[in-house]
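This report walks through selected features of one model. Have the coordinates open as you read.

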Amino acid sequence: MLDKVLFYFFAGIAVASAALMVTRRNVVHSAIFLITALLATAGIFLQLRAEFLFIVQIILYVGGIMVLFVFVIMLVNLDVALQQIQFARQKWVALIVALALAGQIGVMFWTSGKMPGQGLPVLTAVAANRLPLNSEAVAKNLFDSYLLPFEIASVLLLVAMIGAVVMAKKRA
Amino acid sequence: MNAALQATLEFWKLYWAPLLCGVAVVAILPLIVGYIVLVERKIMADMQARLGPMRVGPHGLLQPIADAVKLLIKEDIIPENADKLVFWLAPVLSVGAGLLSLAGLAIGPAFQIAEDVNIGILFVVGISALGIFGIVLGGWASNSHYSLMGALRSSAQLVSYETAAGMALVSALLFTGSLNIKSIVEAQSKEGIWFVLLAPAAFFTYLVASIAETNRAPFDLPEAESELVAGYMTEFSGFRWSLYFLAEYTNMIVVASVATTLFLGGWLRPFSGVSWLNFLDFAPPLLLIAIGAYCVLRVTKQPTRVQQLFMLAVAGLCFVVALVLAAPVVLPVIKPSLREALAPFYAGIHGGFWFIFKVSLYIYFFMWLRFTMPRYRFDQLMRLGWHFLIPLSIINVLLVGVALIVGAYFHLQGWGLLLVTTPAAILALVAAFLILAVEKQHDARQDQTAASDFYAG
Amino acid sequence: MLPIEHYLFLSLALFIIGVIGVVTRRNVIVVLMSIELILNAVNINLVAFSRLYGDVAGQVFALFIIADAAAEAAVGLGIIIAFFRNRETVLADEMDLLKW
């Protein structure tokens with residue numbers, strides 16, 4: 001019961017603020033709604049008993065990336081941008097793309113349910129109190145089975161960092 | 001419908017105690033913050049050879065209440081072109097993040113709102129970092145250049161110093177292998193040594209970074225009076241302003257508690273493992289009795305009847321708290337059979353005392369620094385963060401890891417670990433100073449324009 | 001946890017909203033933010049399946065995606081700042097230097 005309430009609460013916030021984020025004219029408002037959407041997703045993670053991911057989402061996504069976004073938004077001049085048209089002339093394209101995507105996935109749901117052994121798994125999840133300690137389990141997986149991807153991710157971050165510095169640096 | 005009712009009842013049965021604690025924290029915290037401000041003003045006055053607030057109550061003891069009433073009945077001004085919604089949201093966000101992060105903290109083994117959180121310390125750090133949005137959005141919504149500048153500085157500062165603080169936390173967490181607050185403190189009790197000694201470089205990094213994160217002097221550039229009026233708070237008045245104020249001091253409490261938990265042994269008494277130092281258990285009640293006795297002595301010096309009575313009340317409060325603290329340590333001396341039964345009370349009450357004591361010392365250090373150091377310039381602040389603290393913290397994580405491996409190889413434990421961790425800390429500091437020196441030379445060679453960053457305004 | 005469909009539909013909704021944002025908005029910053037939303041939608045799927053099968057691997061992948069998002073945001077915002085410094089705009093359809 002509590003699970004259900006929490007899910008619908010967070011899911012409602014996530015979807016509503018995502019929609020508002022795309023439609024707001026003011027970029028700062030968009031950023032605020034993205035933050036609420038990300039926080040609501042963090043809530044969904046918590047509801048799924050992924051505590052470590054919950055806090056990583058908050059520290060990294062909301063506390064790191066979004067601060068960067070807001071910082072850049074304030075650096076680039078907003079007053080000019082507010083006067084301009086915010087939407088490209090691609091509304092119909094967007095609608096068609098979205099409908100096609102939704103239709104495709106809907107058809108997939110529909111057909112896969114009919115084939116035996118092909119549909120969505122109907123098994124019930126492990127009871128919450130029998131899950132391993134989350135951060136320990138994640139750490140074991142990350143540094144054991146997925147050590148190489150982890151190292152590659154660190155290289156990726158290094159490259160991105162250097163790239164960002166080179167991009168944003170003033171020409172001497 | 002019946003099922004929903006059942007579920008609600010179940011929910012209340014499970015969570016009434018944490019909820020009550022939460023309400024208590026929210027209700028009491030403004031009072032505590034008010035008194036922290038009073039203490040700060042008193043310390044400032046003492047360091048500047050003044051008296052500080054003296055009028056309201058004996059020695060200004062009621063000043064926080066007067067201040068609160070003043071702030072609450074002030075006119076609440078919203079600037080003409082402000083973004084109303086964001087202007088309303090920002091201070092609430094700031095305060096909400098601070099209060100929420102208190103939920104994860106443990107004041108003594110018995111007092112914790114959210115018990116046994118798997119991510120423990122990360123929850124506290126992560127949620128309190130959300131407070132930055134209150135500052136940034138508030139500064140932006142005010143539609144004022146000073147505010148925006150303060151907000152920009154604040155976000156740049158937080159992003160820079162959060163990395164260093166996080167790395168410092170990691171090097172302390174290497175010793176525990178757990179994020180749970182209880183296990184962190186238990187690890188320190190098991191080793192018999194606090195992590196401040198095992199990871200001094202990390203503690204130093206966290207100390208500096210936490211001052212920068214809470215926007216305290218000497219890193220209070222987001223609200224530097226001489227440059228930005230009041231920074232991001234320029235346009236805020238009355239109740240909203242006091243919310244920002246509350247958030248700032250709540251954040252101070254949070255960072256002090258994190259440092260206490262992780263580096264200063266949490267609720268452990270100093271040398272809690274050493275049995276011949278057990279007489280230290282009598283220190284807290286004796287300290288409070290001394291304060292109470294001093295208050296009684298001062299009663300006759302008070303000018304009016306009301307102030308005398310108030311002073312007596314303060315002394316009485318001290319005596320009552322001293323009695324509570326004394327009970328679990330004095331009773332076992334009188335009747336040794338009670339020791340077992342009183343153990344949880346001892347752990348809870350004395351743990352709480354030591355935790356609050358350490359947090360107070362940490363906050364006192366903040367204040368001391370504030371009245372001693374001049375304010376940094378923004379590019380100096382950025383250089384300190386990026387060229388010194390971040391390299392230091394990263395090198396320190398590496399070296400502490402190496403030291404732990406070496407220590408495990410030689411089966412070192414407790415104080416013996418100092419043999420490997422001290423060289424690691426010294427090495428990290430030397431390396432960081434080298435990097436700083438090299439960068440300084442590099443900066444000196446470049447022309448002057450490089451120094452005046454465009455964030456600095 | 002609830003049946004897996006709930007999470008899939010939530011993820012789908014967020015994904016589609018993100019796609020619409022990417023296609024329609026002119027402001028590059030909002031486009032970048034929409035991409036973050038899309039990545040986030042994928043994370044919900046990964047974590048939901050990780051919970052369903054009781055296997056943490058999905059969460060590890062979500063961690064990689066978050067690291068990826070951080071890298072993408074850093075580079076993207078760096079490009080935006082560089083572009084803004086040269087052209088004084090952040091609108092996508094004015095970024096036409098490569099057109100002839």
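In this predicted model, Ile132(B), Ile135(B), Val136(B), Gly139(B) and Trp140(B) of H5(B) meet a set of residues in H6(B). Their partners there are Ser147(B), Leu148(B), Ala151(B), Ser154(B), Ser155(B) and Leu158(B).

How do the axes of the two helices run? H5(B) covers residues 131-141 and H6(B) covers residues 145-173. Their axes come within 7 Å and cross at roughly 155°. Angles over 145 degrees count as roughly antiparallel, so H5(B) is roughly antiparallel to H6(B). The crossing of H5(B) past H6(B) is left-handed.

Two buried residues of chain B come next. Glu40(B) sits in helix H1, residues 2-47. Its relative accessible area is 2%. The cut-off for buried is under 20%, so Glu40(B) counts as buried. Leaving out residues up to four places away in sequence, Glu40(B) touches Arg216(B), Tyr249(B), Met367(B), Arg370(B) and Phe371(B).

Ser128(B) belongs to helix H4, residues 120-129. With 13% relative accessibility, Ser128(B) is buried. Ser128(B) touches Ala97(B), Ser101(B), Asn251(B) and Val254(B), again leaving out residues up to four places away in sequence. Ser94(B) is 34 residues from Ser128(B) in sequence, and their C-alpha atoms are 8.7 Å apart.

| Helix | Residues |
|---|---|
| H1 of chain B | 2-47 |
| H4 of chain B | 120-129 |
| H5 of chain B | 131-141 |
| H6 of chain B | 145-173 |

Now chain C. H3(C) is mostly covered, with 23 of its 31 residues buried. Glu88(C) follows H3(C) and has a positive phi, near 60°.

What makes up its secondary structure? Chain A has 7 helices and 0 strands. Along the sequence the pattern reads α-α-α-α-α-α-α. Of the 172 residues in chain A, 40% are buried. Among contacts in chain A with a separation of 6 or more, 56% join residues 24 or more positions apart.

How values were computed: Residues are numbered from 1 along each chain as its sequence is written. Chains are lettered from A and ligands numbered from 1 in the order in which they are written. This is a predicted model: local features need pLDDT of at least 70, side-chain atom pairs count only at pLDDT 80 or more; totals for chains, interfaces and linings use all residues. Side-chain values use heavy atoms; hydrogens and water are left out. Axes are lines fitted to C-alpha atoms, for helices over the stretch in contact, and angles run from 0 to 180 degrees between N-to-C directions. Helices (H or I, at least four residues) and strands (E, at least two) are DSSP runs, numbered from the N terminus. Angles under 35 degrees count as roughly parallel, over 145 as roughly antiparallel, 65 to 115 as roughly perpendicular and the rest as oblique. A crossing is left-handed if the near helix is turned anticlockwise from the far one by less than a right angle, and right-handed if clockwise. Contact means heavy atoms within 4.5 Å. Buried means under 20% relative accessible area, exposed over 50%, partly exposed in between (1.4 Å probe, protein chains only).
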